[in-house]
Amino acid sequence: MFQHLPREVDFFGVLLPGVLPVFLAAVLLQLVLDAGLSYVGAYRRSWHPALVRLCMFVCIFSALLVTLYK
């Protein structure tokens with residue numbers, strides 16, 4: 001898909017990190033998955049829902065980075 005993501009993205013003269021689009025995609029995926037899991041009631045069985053949400057985001061973000069920067 002993306003062979004070489006740029007190190008920085010020029011956004012109206014402001015240099016932003018190149019992984020920012022990947023980060024935003026991970027946030028959107030995590031929000032959708034979080035809404036689905038909340039609707040199903042999966043967080044009632046977890047010990048610490050905030051920790052589950054953080055771990056989910058880290059897994060999604062790292063999986064996207066590994067697949068894009070392969």
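1. What is the mean pLDDT of the chain, and what share of its residues reach 70 or more? The mean comes to 87, and 90% of the residues reach 70 or more.

2. As a friendly reminder, where pLDDT is low, the predicted coordinates should not be read in detail.

3. Now to the helix pair. H1 spans residues 20-40 and H2 spans residues 49-68; they pack with axes 9 Å apart, at an angle of about 140 degrees. The two helices are therefore oblique to each other, and H1 passes H2 in a right-handed crossing.

4. On the H1 side, the residues in contact include Val22, Phe23, Leu29, Leu33 and Leu37, and on the H2 side they include Met56, Phe57, Ile60, Phe61 and Leu64. Sorted by class, this contact has 15 nonpolar residues, together with two polar and two charged ones.

5. Do have a look at the aromatic rings: the count comes to three aromatic pairs. In one of them, Phe23 and Phe57 have ring centres 5.4 Å apart and planes at 80 degrees, so the pair is edge-to-face. Because Phe23 lies in helix H1 and Phe57 in helix H2, this pair ties together parts that are 34 residues apart in sequence.

Conventions:
Residues numbered from 1 in each chain as written. Predicted model: local features only at pLDDT ≥ 70, side-chain atom pairs only at ≥ 80, totals over all residues. Heavy atoms only, no water. Axes fitted to C-alpha atoms, helices over the stretch in contact; angles between N-to-C directions. Helix = DSSP H or I, 4+ residues; strand = E, 2+ residues; numbered from the N terminus. Parallel < 35°, antiparallel > 145°, perpendicular 65-115°, else oblique. Left-handed = near helix turned anticlockwise from the far one by under 90°. Contact = heavy atoms within 4.5 Å. Nonpolar A, V, L, I, M, F, W, Y, C, P; charged D, E, K, R; others polar. pLDDT = per-residue confidence, 0-100. Phe/Tyr/Trp six-rings, centres within 6.5 Å; stacked < 30°, edge-to-face > 60°.
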